[in-house]
Structure formats: C-alpha cells, structure tokens
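I opened the model to look at its two chains, their folds and the contact between them. My notes are below.

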Amino acid sequence: MIKSLKAAIVLFILLSVLTGVIYPAVVTGLAQLLFSQQANGSLINDSSGKVTGSRLIGQSFSSPGHFWGRPSATGPFPYNAGASSGSNLGPTNPALIEAVKTRIQALKDADPDNQAPIPVDLITSSGSGLDPHISPAAAEYQISRVAKAHDVKPEILRALIDANTEDRQWGFIGEPRVNVLTLNLAVDALH
Amino acid sequence: MTSNSYFQIIVYIVTLLALAKPLGWYMARVYEGESVGLNRLLAPIETLIYRLSGVNPNEEMRWTDYAVSFLIFNLLGVLAVFALQRLQAYLPFNPQSLPGVSSDSAFNTAVSFATNTNWQGYSGEVTMSYLTQMLGLTVQNFVSAAAGMATLVALIRGFTRRNTDTIGNFWVDLTRSTLYILMPLSLILALVLVGQGVVQTFSPYRSVPLIETVSYEQPKLGADGVALQDAAGKPIMESVEAKEQVIAVGPAASQIAIKQLGTNGGGFFNVNSAHPLENPTPLSNFLEMLSILLIPAALCYTFGMMVGDTRQGWAILAAMTLILVALIFVEVPLEQIGNPALASLSVDQSATVSQSGGNMEGKETRFGITNSALWAIVTTAASNGSVNAMHDSFTPIGGMIPMWLMQLGEVIFGGVGSGLYGMIMFAIVAVFVSGLMIGRTPEYLGKKIEAYEMKMAAITILIPPLVVLGGTALAVMIDVGKASVFNPGAHGFSEVLYAFSSAGNNNGSAFGGLSANTPFYNSLLGVAMLFSRYWLAIPVLAIAGSLAAKKIVPVGLGTLPTHTPLFVALLIGTVLMVGALTFVPALALGPVVEHLQMIGAK
C-alpha cells in the first residue's frame with residue numbers, strides 16, 4: 001500500500017510534467033515557429049499595419065451600409081469574444097420565435113422593397129455567438145440594401161462577395177461561406 | 001439530405017474504419033510490450049519514469065491491486081485539479097488575473113476530468129487560468145483516458161490468460177498508453193489544428209477595435225461595486241458603448257487535440273468546438289470528429305488481435321458501426337427539415353447550393369446541418385461530449401437521439417477503453433441470454449461465464465440507469481433543481497434528463513440552457529460521475545480477475561460462435577433492448593411530448 005502510494009505520487013508528478021508542461025510547451029514552440037499567424041488568433045492588419053480584427057471572429061454589424069452577420073447571443077453585447085455563448089433557446093420556446101420575428105422585422109425595415117424569403121442563418125443565432133460567416137444566400141439577400149446605402153451597382157457587391165467566399169474545403173467538406181468582416185472591410189474600401 | 005451530405009458522411013465512416021486496423025495493430029503491440037517504431041525515442045523516458053517512481057515493470061498485479069492503484073491515482077488527480085482551480089489566483093500563467101474557482105464548481109470539474117467525463121459546468125475563457133487548463137485539465141485528459149485504456153487491457157488479459165491470479169501492471173499500462181499512444185497522436189493533431197487556425201499561445205487576451213461601435217445597456221454600479229436600484233427595486237441601467245472587442249486566446253490546440261483523442265470533451269472555451277478559435281474550418285472539424293472515434297474504433301481491432309482472433313474485434317466494431325450509421329441517417333434529416341414554427345414566417349429553410357438551410361439556431365455556418373448533426377451523434381456515441389453546435393437548440397427528436405445514445409451506456413464506441421469494456425459486458429449478457437435459450441453453459445472467448453461474472457456485468461449495466469433516472473427524478477422534484485431550467489415546458493424536463501444522462505454515463509455534453517453551475521447540480525452531477533465511472537470500472541476489473549483464474553474451454557459443438565452476423569445482431573439487440581426498455585418512459589415525457597407539441601402547433 002505504502003509502495004503503491006509512493007509509485008502513484010511520483011508517477012502522477014512525472015506524467016503531469018510530461019503532459020501538462022513539456023507537451024503544451026513543445027506544441028506552443030512549434031506552433032509559434034511554423035504557424036505564428038494562426039497560433040495568435042489569425043489577426044488582420046490594415047495597410048498601415050494596425051490590427052483591425054480577427055479573420056475568425058465575427059463582429060456586430062447593424063448599419064444599412066454593412067453586411068450583417070449571424071445574430072449573436074453573447075452577453076452583455078453581441079460578438080463578445082471574451083465570453084462565447086449560444087442562445088440555448090429550444091425549438092418550441094416562444095422566446096425563440098419572438099427573437100426571430102424581431103430580426104425579420106429589422107431586416108425588412110432596413111430594406112422594405114426586398115420581398116425575397118430570408119435565409120435561415122441570417123435570423124438564427126450561431127452556436128458560438130462569434131460566427132465570422134454567413135451563407136452565400138444570406139449575403140445575396142442583403143445586396144439590395146447595401147447597394148442602396150452606398151449607391152453602387154449590385155454587380156460590384158456581388159464581385160466582392162465572391163472574393164470573400166470560401167468554398168467547401170477540398171471541394172466537399174463543410175459548407176460554402178462568406179466572411180462578413182473581410183467583406184465589410186472591402187465594402188468600406190470602395191470609397 | 002443533399003448528395004454532398006451523404007458523401008461527407010460516407011467519407012467520414014470509411015476513413016474511420018480504414019484507420020482502425022493500422023492503429024489497432026500498433027496499440028496491440030504497445031500493450032504486449034513489443035517494439036514499435038517510437039521505441040528508440042521513448043523507451044529511455046519510459047525506463048526513467050519507472051526508475052524514479054520505483055515501479056518494477058515486470059511485476060504483475062492481482063485485480064484488487066490493479067483497482068486500488070487505479071483509484072489512488074484518480075484520487076490524486078481529483079485533488080490536484082481541485083487545488084489548482086482554488087489557488088490559480090496565486091499561481092503563474094494567469095494573464096487575465098482570474099480569481100479562484102468556487103469550491104462546488106472546482107469539485108465538479110475535478111471529478112469531471114478525473115472520471116473522463118469532462119462535463120463543463122464552467123465557462124473556460126472567463127474561469128480557468130492557462131496553468132489550470134494545462135497542468136490541471138490537459139493532464140487529466142491524458143491520464144483519465146489512459147486509465148480507461150488500461151482497464152480494458154486488463155480485461156482482455158482476463159480472457160487470454162489461464163489459471164493465474166494476475167492481470168498486468170496498472171502503472172505500466174497507464175504509462176505506455178500515455179507515452180506511446182496518446183502523446184504522439186496529440187502532438188500531430190495539435191499542430192495540424194494550429195495550421196487551420198486554432199490558437200496556441202501564452203499571451204494575454206487580445207483587444208481589437210470594432211468597425212461598428214456597439215451600444216448596450218448594463219446595470220449601473222455604485223462606488224462599492226454593487227448594482228444600484230431605483231425606488232421600485234429594479235436595477236438602474238446605463239448605456240455603454242463598446243468600441244473594442246477582447247478576443248480570448250490561450251494554449252488551446254494542445255488541450256483540444258487530447259480532448260478529442262481521449263474522448264474527454266471539455267472545451268478550452270465555453271462553447272467548446274463551436275468556437276471559431278477552437279474549431280476554425282471544415283477540415284479542423286473533420287479531424288476533430290475523426291479523433292473522437294479513432295481510438296475507440298481501433299481498440300476493437302486491438303482486442304481482436306490480443307485475444308488471438310481478429311474476427312472477434314471486427315464483430316464488435318460491426319455492431320457499433322451499424323447502430324452509429326443508422327442513427328446518423330435519422331439525425332441529419334431531422335435537423336435538415338428545420339423548425340416548423342419558422343416556416344410560416346418568410347424564412348427560407350431549404351438546402352440549396354448557397355445555404356445549408358435547416359434548423360440553424362445554435363449552429364455555425366461553416367459546419368451547416370450535416371456536420372453539426374453528424375458531430376452530435378459521434379460525440380454522444382463516444383463518451384466524448386464536446387459539441388460544435390448547441391444541442392439545446394436541436395429539434396426535439398434531434399436532441400433525443402444524442403441523449404439516447406448516452407443512455408445506451410456509452411458502448412457504441414464509447415470512451416477510450418471504457419466503451420469497449422462496456423460493450424464486452426453487453427457481449428457477456430448476450431452470450432448468457434443465448435446460453436439460456438439453447439440450454440448450454442454460456443462461454444465467451446473460451447471462458448465460462450458463471451454467476452459471478454453475470455452479477456458483475458449486471459451491476460455495470462444497471463448502475464448508470466439508476467443514477468440517471470434517480471438523479472433526474474430528484475432534481476425535478478425540488479425547487480433548487482427546477483430553478484436552473486431555462487426553456488419552458490417539456491423541453492425543460494429534457495434539459496435535466498440530458499444533464500443526468502450525460503453525467504451518469506461519463507459523456508459530458510449538455511443542453512447548455514440548464515444553469516448547472518450551482519452548488520446543487522455541481523454536487524449531484526459530481527457524485528453521479530463518480531458512481532458511473534468507478535462502479536463500472538471496478539466490477540470490470542473483478543471480472544478480469546475472475547476470468548484470468550479460469551481455464552480455457554476448447555471450442556465444442558455447443559459453443560456459440562461470437563464472430564458471426566448472428567452474434568452481431570444478438571449484441572445489437574441486447575444493447576438496444578436494455579436501452580429502450582429503461583429509458584423510453586422518461587424520453588416520452590420530454591422530447592416526445594415536445595415533438596408532438598411542435599408538429600401539432602402548425
């Protein structure tokens with residue numbers, strides 16, 4: 001018993017050092033060496049070198065001149081990247097239906113002439129509350145509003161959307177998606 | 001379902017099965033002490049570990065010594081993780097200056113990680129310092145997985161040995177699992193994940209400017225830091241503008257790799273693998289999902305090799321795969337249909353080339369329906385419990401299937417080691433039942449199954465339902481249990497049932513709406529996790545000891561072959577019958593009622 005207690009304690013310490021100190025330190029060292037951009041949060045720099053956000057973390061957009069992202073359920077404000085969270089609303093919860101109706105109304109108020117059905121990802125909150133993407137359909141739906149706000153032709157915006165769309169990885173994994181932050185940076189750069 | 005959806009699922013299953021044999025072969029050689037390619041590098045480290053800790057690697061243990069070693073080692077793990085959480089404010093690698101964790105939450109998390117459950121009662125980025133994540137949680141991710149694998153190997157030795165009272169050396173099995181299997185795989189996976197965009201840094205959280213300022217309301221605080229109230233007792237709100245976004249980072253990739261490979265599942269961030277910095281791309285998602293089932297699938301082949309008949313391993317893998325695939329093809333369409341309550345609003349939920357459609361609440365755009373639903377099945381089939389979408393927001397039946405997979409006892413792949421030893425318990429029950437039908441003494445892999453083995457197997461099968469149903473009943477009867485429920489109606493009951501199904505089977509996923517970080521749930525779920533881990537592992541080791549002492553019966557005319565399609569069907573039948581009979585009444589009260597309400601409300 002005493003012998004196995006000693007073995008347990010020493011082995012626990014040794015395995016802790018191996019898997020809890022050496023292993024993460026080696027991964028960090030190699031990660032910083034090989035993939036320093038990704039390992040530090042995939043940050044985007046503008047032309048002057050100033051950080052303007054992360055390619056992988058969405059931001060909240062609500063002005064008519066920007067493409068809007070997925071609704072976010074993080075608190076106390078949407079897209080709080082310091083405290084990720086989903087809404088956890090169940091499918092039959094009246095609060096979910098109310099939230100969806102409010103979001104539909106906001107989209108319609110911002111673009112009253114647009115009668116197209118709204119892509120579902122644009123009115124449902126994401127799992128992380130930080131989803132950087134919307135579906136290509138959700139981007140297409142918003143073209144008329146953004147075009148009016150900037151007084152540009154829809155074709156110009158469509159080209160920007162294409163440039164900021166990632167296809168399924170390797171042609172078949174995952175879903176096609178539009179990066180909202182980089183798209184809006186490109187829209188702002190039109191002027 | 002779209003053709004791309006079918007294609008992605010098939011590629012996943014085929015890749016998994018293709019890797020089972022090579023990895024299974026490798027692990028069998030590791031456990032049989034034979035040389036593997038990594039020996040030159042790792043054998044000196046292994047020898048050094050034994051020398052420093054005074055372990056004689058050639059010393060054999062009886063099952064009782066094996067179990068005691070296992071328990072002592074786990075107790076040390078619980079104490080270490082508890083202490084690290086309580087003291088993290090005074091320890092280094094805490095760049096956000098996070099305070100110590102409350103004692104009930106620290107207890108829950110310590111138990112959760114030591115038992116390989118990884119129920120996540122806390123929110124990672126606002127609770128755990130980098131040191132706690134690495135030296136507490138990552139370490140337990142490794143060793144709790146290794147302990148499960150060790151228990152399995154001890155059971156296998158029970159079948160292969162004869163007339164002996166020993167089943168191996170726990171310290172050796174633990175060390176070799178960690179050193180030769182889990183560490184190399186984790187290192188490779190962690191680096192690939194960083195390449196995809198998972199963060200791995202010791203730097204503090206980054207602050208970046210927002211393009212659009214966000215204004216929001218928050219309670220106004222007085223000079224003493226307490227929220228001010230107006231005359232009516234309501235909090236006074238003030239308007240605040242956020243011009244910056246703080247992005248939580250940290251040494252995530254190293255933790256996530258073993259979290260997936262060791263069927264642990266406790267995330268670095270609150271939303272687990274839904275977080276873009278924990279699971280950034282479809283490829284990272286594919287690899288994380290593959291890692292969940294990789295070792296449990298390969299261990300089936302290891303089992304077959306070690307008992308000297310690989311067909312035995314393939315038969316069990318076939319039973320697991322058939323149930324998994326069947327449930328995938330039920331789950332994906334359920335989520336793809338979407339929410340009927342949104343159909344009457346002008347919302348497009350159809351799957352087209354430019355959107356995944358379906359029930360997107362709580363799901364990420366890059367994963368869409370197919371990869372969110374597939375992950376939900378995979379993570380609950382294995383006792384992994386990591387999520388890439390919020391299960392609480394799934395359709396009622398779409399949420400019920402993951403819950404039922406846990407209730408089956410985490411034997412459809414299950415946890416590393418624990419899944420297969422659980423499934424072997426079901427195989428013992430299956431040969432016993434068929435033995436009764438044909439009037440012969442049941443035997444499995446040449447060992448007679450007698451009253452002692454049956455009693456132990458029955459305990460392992462009965463304890464989890466007792467914990468799940470008893471815990472749920474208790475929680476919904478008392479006010480502190482009900483106060484944590486978030487969604488109204490039948491769905492609220494599902495949240496509680498899901499929590500106990502998860503803790504009572506060492507899974508760890510959650511219907512996240514339930515506020516489980518309370519003294520009541522932290523304590524009760526902690527106890528549930530302890531029961532379902534040790535009241536299974538100890539009887540399994542007891543069976544191992546009992547079997548090792550028996551002689552091997554030669555195959556005769558009355559022997560039921562256990563590698564045939566007939567046995568696969570018998571095994572599937574046993575698992576499903578026990579799971580269905582035990583849990584259908586409880587499921588009827590939650591998800592089934594909600595489903596009927598949902599389709600009736602049209």
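The entries go from conventions to each chain, then to the contact.

**Conventions.** I am working with a predicted model, in which local features need pLDDT of at least 70 and side-chain atom pairs count only at pLDDT 80 or more, while totals for chains, interfaces and linings use all residues. Residues are numbered from 1 along each chain as its sequence is written, and chains are lettered from A and ligands numbered from 1 in the order in which they are written.

**Chain A, overall.** I looked up the domains and found domain 1 (2-37) and domain 2 (42-188) in chain A; such bounds come from an automatic or database domain assignment. The C-alpha centres of these two domains of chain A are 41 Å apart. I counted 6 helices and 6 strands in chain A, where helices (H or I, at least four residues) and strands (E, at least two) are DSSP runs numbered from the N terminus. Read from the N terminus, the order in chain A is α-α-β-β-α-β-β-α-α-β-β-α. The radius of gyration of chain A is 22 Å, well over the 16 Å of the globule rule for 191 residues, so chain A is more spread out than a compact globule. Here the radius is taken over C-alpha atoms, and the rule is 2.2 Å times the number of residues to the power 0.38. The C-alpha trace of chain A spans about 80 × 45 × 35 Å along its principal axes.

I then checked burial and found that 50% of the 191 residues of chain A count as buried. A residue is buried if 20 or more other C-beta atoms lie within 10 Å of its own, exposed if 12 or fewer, and partly exposed in between, with C-beta atoms placed from the backbone. Of the contacts in chain A with a separation of 6 or more, 52% are between residues 24 or more positions apart; a contact means C-beta atoms, placed from the backbone, within 7 Å.

**Chain A, strands.** Strand 1 (residues 43-45) and strand 2 (residues 51-54) of chain A run antiparallel and are joined by 3 bridges; strands pair if DSSP finds at least two bridges between them. In this pair, A:Leu43 is opposite A:Ser54. The two strands form a hairpin with 5 residues between them, and A:Gly49 in the turn has a positive phi of about 90°.

Strand 4 is joined to strand 6 (residues 177-179) of chain A by 2 bridges, and A:Ile134 is opposite A:Val178. Axes are lines fitted to C-alpha atoms, for helices over the stretch in contact, and angles run from 0 to 180 degrees between N-to-C directions.

**Chain B, overall.** I found 19 helices and 5 strands in chain B. Its radius of gyration is 24 Å, close to the 25 Å of the globule rule for 602 residues, so chain B is as compact as a globular protein of that length. Buried residues make up 61% of chain B.

**Chain B, a helix pair.** Helix 17 (residues 490-503) and helix 18 (residues 519-549) of chain B pack at about 40°, with axes 8 Å apart. B:Ala499, B:Phe500 and B:Ala503 of helix 17 meet B:Leu525, B:Ala528 and B:Met529 of helix 18. By class, this contact has 6 nonpolar, no polar and no charged residues. Ala, Val, Leu, Ile, Met, Phe, Trp, Tyr, Cys and Pro count as nonpolar, Asp, Glu, Lys and Arg as charged, and the others, Gly among them, as polar.

**Between the chains.** The contact takes 110 residues from chain B and 94 residues from chain A. Strand 1 (residues 206-219) of chain B gives the most to its side, with 9 residues. I also noted 2 bridges joining strand 3 (residues 118-119) of chain A to strand 3 (residues 347-348) of chain B, which run parallel. There, A:Ile118 is opposite B:Val347.

Terms used: Two residues are in contact if their C-beta atoms, placed from the backbone, lie within 7 Å.
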